[in-house]
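Subject: Structure for your files, with notes

Dear colleague,

Please find the structure below. My notes on it come after.

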Amino acid sequence: MLALHGGAPFRDTKSRPFPARTPFGEEEIRLVTKALRSQNLFRWGGELTPVFENRFAETYGAKHAVGSTSGTAALHVAVGAIDPEPGDEIITSAITDLGTIIPILYQNAVPVFADMDPETLTVDPDDVERLITPRTRAVIAIHLFGNACRMDALAEISRRRGIPLIEDCCQAHLTRYRGRLLGTWGDVGCFSFQQSKHMTTGDGGMTITNDDALGRSMRMFADKNYDRERQGPRMYGPLGMNYRITELHSAVGLAQLEKLAGVVESRNRLGNRLTDGIAHIDGVVPAPVTPGARHSYWTYPMRVTGFSAEAFAEALQAEGIGASAGYIGDPIYQCSAALADHQTYGHSRFPFYSQYTERTFERANELCPRTRKLLEQLVLLPFNENYTDGDIDDVAGAVRKVASEL
């Protein structure tokens, strides 16, 4: 009997709690202490930030890495460096955090949403190409949940159409596709160090590129476009932001970077074990892995068919398994007032309803039908790198029990 209906839970988490995530240790403490003792936590003049940016760049084989205050900032640095005109369009995924969309709107560009590929739970390259217009200024490919987009297809479209390709790797650190690290397929790669990510500084971000011109623009944009190479009175270039990373972020980031490979390896192994444990259950579709990719499982996304995702998640919670339904619930353009109700700059509704664009989201229910269906089926099973094989087996056992009893 399901615990939801009075039966015993599959795992009594009061007596056997799942292991908490413990990302920080003595090396973080040592480096933070070093930063504090230096009496300078400012990005410029600090000792640790240049080392952190250089080591991150080396990890990805990139020429340039610019630290910032969040994953949202990292994406804004990328979009700001590309510098769209008002009303230019940037194509991205309909399932994402608002952090992907904020940089687009703050650069007065218009987000355009491509449908999802149910075989990968990432954006469909064919739909991306279908949406390209003369106003398309960039594509942001989101490696959702730690699984790779079909980057060979997206990179080919980008090259052929002459459109910059930005990779949102905020949930996909040190993740490979066809042997190549995500973040290096496109023109720019963006990473988040928010608390839940594979490596964390509490919050923070990094933007990488191999393009020298973009690299300079990225660094300038994140520093108010302050020309620090110019002698004499300070001079600022085009409109930029203050997204400077601090020495405290960099201190923690340096220690985290050393642990990253082990974290990703553990999550990959545990996620694959969970897939093996729930394969061949009627009505349950395990987390997909894009052919040629190696999943890093920021979280574990499975789909349920023939059940209500909400009911399935509720039943798993009663069995002692943390679960949630739907991720963002609706496509991002319907769960953000900035998009659904055009609440952007005062009452202007800019850039929507302006001379710069004809795109709005008045008929949102007709957009991205596959995305809507996928969200209705999605159940997320969070875990972390500290889980044991036995912990993962309990998660799988509870999924089997709920599927059977429902």
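This is a predicted model: local features need pLDDT of at least 70, side-chain atom pairs count only at pLDDT 80 or more; totals for chains, interfaces and linings use all residues.

Residues are numbered from 1 along each chain as its sequence is written, and side-chain values use heavy atoms, with hydrogens and water left out.

Salt bridges

Side chains of opposite charge can pair when their charged atoms come close. The structure holds 30 salt bridges (a side-chain nitrogen of Lys or Arg within 4 Å of a carboxyl oxygen of Asp or Glu). Helices (H or I, at least four residues) and strands (E, at least two) are DSSP runs, numbered from the N terminus.

One of the salt bridges joins Lys-34 to Glu-47, with 3.3 Å between the closest N and O atoms. Because Lys-34 is in helix H1 (residues 26–37) and Glu-47 is in the loop between H1 and helix H2 (48–60), the pair ties together parts that are 13 residues apart in sequence. Lys-34 is partly exposed, at 37% relative accessibility (buried means under 20% relative accessible area, exposed over 50%, and partly exposed in between, with a 1.4 Å probe and protein chains only).

Asp-223 and Arg-244 also meet in a salt bridge, at 2.8 Å from N to O. Both lie in the loop between helix H7 (212–221) and H8, so this pair ties together parts that are 21 residues apart in sequence. Asp-223 is buried at 3% relative accessibility, and Arg-244 is buried at 18%.

A further salt bridge links Arg-294 and Glu-265, at 2.9 Å from N to O. Arg-294 is in strand E13 (residues 293–294) and Glu-265 is in helix H8, so the parts tied together here are 29 residues apart in sequence. Arg-294 is partly exposed, at 36% relative accessibility, and Glu-265 is partly exposed, at 40%.

Cavities and pockets

Rolling a probe the size of a water molecule over the atoms shows where empty space is left. On a 1 Å grid over the protein atoms alone, a cavity is a set of points where a 1.4 Å probe fits but cannot get out, and a pocket is an open set with protein on both sides within 12 Å along at least five of seven lines; lining residues have an atom within 4 Å of a point. Grid points are joined across faces, edges and corners, and a volume is the space filled by probe spheres set on the points.

The whole structure has 2 cavities of 30 Å³ or more. The largest cavity holds about 60 Å³ of space. Its lining residues include Trp-44, Glu-53 and Ile-245, and Asp-223 and Arg-244 are also among them. Asp-223 and Arg-244 are the salt-bridged pair described above.

The largest pocket holds about 500 Å³ of space. Of the 30 residues that line this pocket, Gln-171, Gln-194, Ser-196, Lys-197 and Trp-298 lie nearest its centre. Helix H3 (residues 71–82) gives the largest share of the lining, 3 residues.

Cysteines

A search of the whole structure finds 0 disulfides (a pair of cysteine sulfur atoms within 2.5 Å). For Cys-149, the nearest cysteine sulfur is that of Cys-169, 8.9 Å away. Cys-149 is buried, at 0% relative accessibility. The sulfur of Cys-335 is 12 Å from the closest cysteine sulfur, in Cys-368, which is too far for a bond. Cys-335 is partly exposed, at 37% relative accessibility.

Surface patch

Leu-36, Leu-41 and Leu-248 form a nonpolar patch on the surface, with about 220 Å² of accessible area together. Patches are made of residues with over 30% relative accessible area and no salt bridge, with like charges joined within 9 Å and nonpolar side chains (Val, Leu, Ile, Met, Phe, Trp, Tyr) within 5 Å. Accessible areas come from the Shrake-Rupley method with a 1.4 Å probe; for residues, only the protein chains shown count as cover. Leu-248 is in helix H8 (residues 247–278) and is partly exposed, at 31% relative accessibility.

Two residue pairs

Leu-181 lies in strand E9 (residues 180–181) and is buried, at 9% relative accessible area. Leu-2, in the segment before H1, is buried, at 3% relative accessible area. The C-alpha atoms of Leu-2 and Phe-56, 54 residues apart along the chain, are 47 Å from each other.

Regards
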